[in-house]
Amino acid sequence: MSAIIAPSGAVDARTNLVDPFGRHVTYLRVSVTDRCDLRCVYCMAEEMTFLPKRDLLTLEELDRVCSAFVRKGVRKLRITGGEPLVRRDIMSLFRSLSRHLETDALDELTLTTNGTLLTRYAAELAECGVRRLNVSVDSLDPERFRRITRRGDLAQVLRGLDAAQAAGIKVKINAVALKGVNEDEIESMVAWAHGRGMDLTFIEVMPMGDIEPERIEQFMPLSVVRERLAASYTLTDTSERTGGPARYVRVAETGGRIGFITPLTHNFCESCNRVRLTCTGQLFMCLGQEDAADLRAAMRGSEGDDRLEAAIDEAIGRKPKGHDFVIERQSRPAVPRHMSVTGG
Ligand code: SAM
C-alpha cells in the first residue's frame with residue numbers, strides 16, 4: 001500500500017485501490033434492491049419491471065463483497081437502492097457490516113433513503129453505528145410531494161426525519177432541482193432544512209433510463225439555483241467535503257450549508273473516489289458509463305475470496321476517466337439503466 005493524497009488533501013495510507021488516473025477508491029455505494037415504495041417521476045417510469053428476487057445477491061453475499069472492499073481499503077460504505085429499507089431483513093446487513101466500524105476498518109456506514117420507513121428503523125440504524133444519513137425530499141408541499149413521488153406521504157417522511165434526529169443521527173436532505181416543479185421552493189427549503197439543523201444538497205437531474213417526460217423539460221442548472229439563493233442569502237464557498245461529489249457553500253443568515261451536485265454543468269470526475277455495486281453484483285466504475293464487472297460470478301465461482309478480490313482489482317484497473325452526460329432535446333439517456341439500478 002502506498003501513502004496517498006485523499007481528495008480532502010489528507011494523506012491516506014490505507015487503500016490499495018488506485019485507478020489508472022491515480023484516484024484512490026475509498027468509497028463504495030451499494031444498491032441492495034432495485035425496488036422502491038415510491039416512483040419519483042425523474043427516476044422511474046410509472047410501471048416498472050423489477051428484477052426477479054433470485055437474481056439479487058443474498059444479504060450474506062452483500063456482506064461478503066462489502067467486506068472484501070473494506071479489506072482492500074474502502075473506508076466508507078453507503079447502502080442505497082431502489083429504497084434500501086424495503087429490502088427484507090436489511091437490518092441484518094447493517095448489523096453485520098457494523099463490525100467493521102468497531103474494528104476501525106471503516107470510517108462510515110451510511111445510507112440514502114426516501115425516509116418512508118425511518119420511523120421503524122432509525123433507532124436500530126443508530127445502534128448499528130449509522131451517524132449520518134441522506135433523505136431525499138424534493139418538495140415540502142404534500143400535494144406536490146405526492147405528484148413527484150407518484151404516491152408518497154410527506155407527513156410520513158417528516159416523521160421519519162424526526163425519528164432519525166431523535167436517535168441522534170445527523171440528517172442531510174437531498175433535493176433534485178426540477179424546472180417548473182419545485183423551483184419556487186428553493187429558498188424555503190433552505191430555511192426549513194437549516195432551521196432543523198440539516199444540510200441541504202441540490203442535485204441536477206441526470207439522463208438515466210427511459211422515463212416518460214422529457215428530461216430537458218425538467219433540467220435546471222444549479223448555477224441558476226445558486227444565483228437565486230444568492231439574492232436571498234449570503235453564500236460563502238467552503239472547501240468542506242463530505243466524501244462525496246457535493247461542493248458546499250455556507251449561508252451566513254442560517255449558519256447551515258448548501259451542497260451542489262452538478263454532474264451536468266460541472267462534472268466532478270477528477271476527484272472521483274467511488275464505485276457502485278448493483279444488487280445483482282455488477283460493479284460500475286462510473287455512474288455515467290456502461291462498463292461493469294461481474295462480481296457475483298467471481299464470488300459464486302469459488303469458496304474463498306481470492307477470485308473476488310482479483311476481480312475487484314481488475315475492475316478498478318479499468319475505471320474510466322469520467323462520464324459525459326448531456327441533456328439535449330430528444331437525446332437518448334446517457335445510460336439505459338435507471339438510477340434505482342445503480343443506486344443514487
Ligand atoms: N430511495 C432512496 C432515496 O430516495 O434517496 C435511494 C435511491 S435514490 C435513486 C437516490 C437519489 O437519486 C435520490 O436523491 C434521487 O432523488 C436521486 N435520483 C434518482 N434519479 C435521478 C436522476 N435521474 N437524476 C438525478 N438524481 C436522481
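Author: The shell around the ligand contains seven nonpolar, nine polar and two charged residues. In this classification Ala, Val, Leu, Ile, Met, Phe, Trp, Tyr, Cys and Pro are nonpolar, Asp, Glu, Lys and Arg are charged, and the others, Gly among them, are polar. The model is predicted, so local features need pLDDT of at least 70 and side-chain atom pairs count only at pLDDT 80 or more, while totals for chains, interfaces and linings use all residues. Residues are numbered from 1 along each chain as its sequence is written, and side-chain values use heavy atoms, with hydrogens and water left out.

Of the 18 residues around the ligand, the nearest are Y42, G82, E83, S136 and M206; a residue is near a molecule if one of its heavy atoms lies within 4 Å of it. Three of these residues can be described by atom pairs. The side chain of S136 has an N or O atom 2.5 Å from an oxygen atom of the ligand. E83 places a polar side-chain atom 3.0 Å from a nitrogen atom of the ligand. M206 uses its backbone: an N or O atom there lies 2.7 Å from a ligand nitrogen atom. The ligand exposes 550 Å² when taken alone, and the protein buries 95% of that; areas come from the Shrake-Rupley method with a 1.4 Å probe. Strands β5 (108-113), β7 (170-177) and β8 (199-204) are the elements that give two or more residues to the shell. Helices (H or I, at least four residues) and strands (E, at least two) are DSSP runs, numbered from the N terminus.

Now the rest of the chain. The protein has 12 helices and 14 strands, and 57% of its 344 residues count as buried, where buried means under 20% relative accessible area, exposed over 50%, and partly exposed in between (1.4 Å probe, protein chains only).

R23 sits in the loop between β2 (11-12) and β3 (27-31) and is buried, at 8% relative accessible area. Its side chain makes a polar contact with the side chain of D19 at 2.7 Å, and R23 also reaches the backbone oxygen of K321 with its side chain, at 3.0 Å. A polar contact is a pair of N or O atoms within 3.5 Å; within protein, one must be able to donate a hydrogen and the other to accept it, and residues adjacent in sequence count only if both atoms are side-chain atoms. Leaving aside neighbours within four places in sequence, the contacts of R23 (heavy atoms within 4.5 Å) include C269, E270, C272 and K319.

The structure also holds 24 salt bridges, each a side-chain nitrogen of Lys or Arg within 4 Å of a carboxyl oxygen of Asp or Glu. One of them joins D162 and R196 at 2.7 Å, N to O. D162 is in helix α6 (residues 154-166) and R196 in the loop between α7 (186-195) and β8, 34 residues apart. D162 is partly exposed at 40% relative accessibility, as is R196 at 25%. Another pairs D237 with R226, at 3.0 Å between the closest N and O atoms. Because D237 lies in strand β9 (residues 235-237) and R226 in helix α9 (residues 222-232), this pair ties together parts 11 residues apart in sequence. D237 is exposed at 55% relative accessibility, whereas R226 is partly exposed at 29%.
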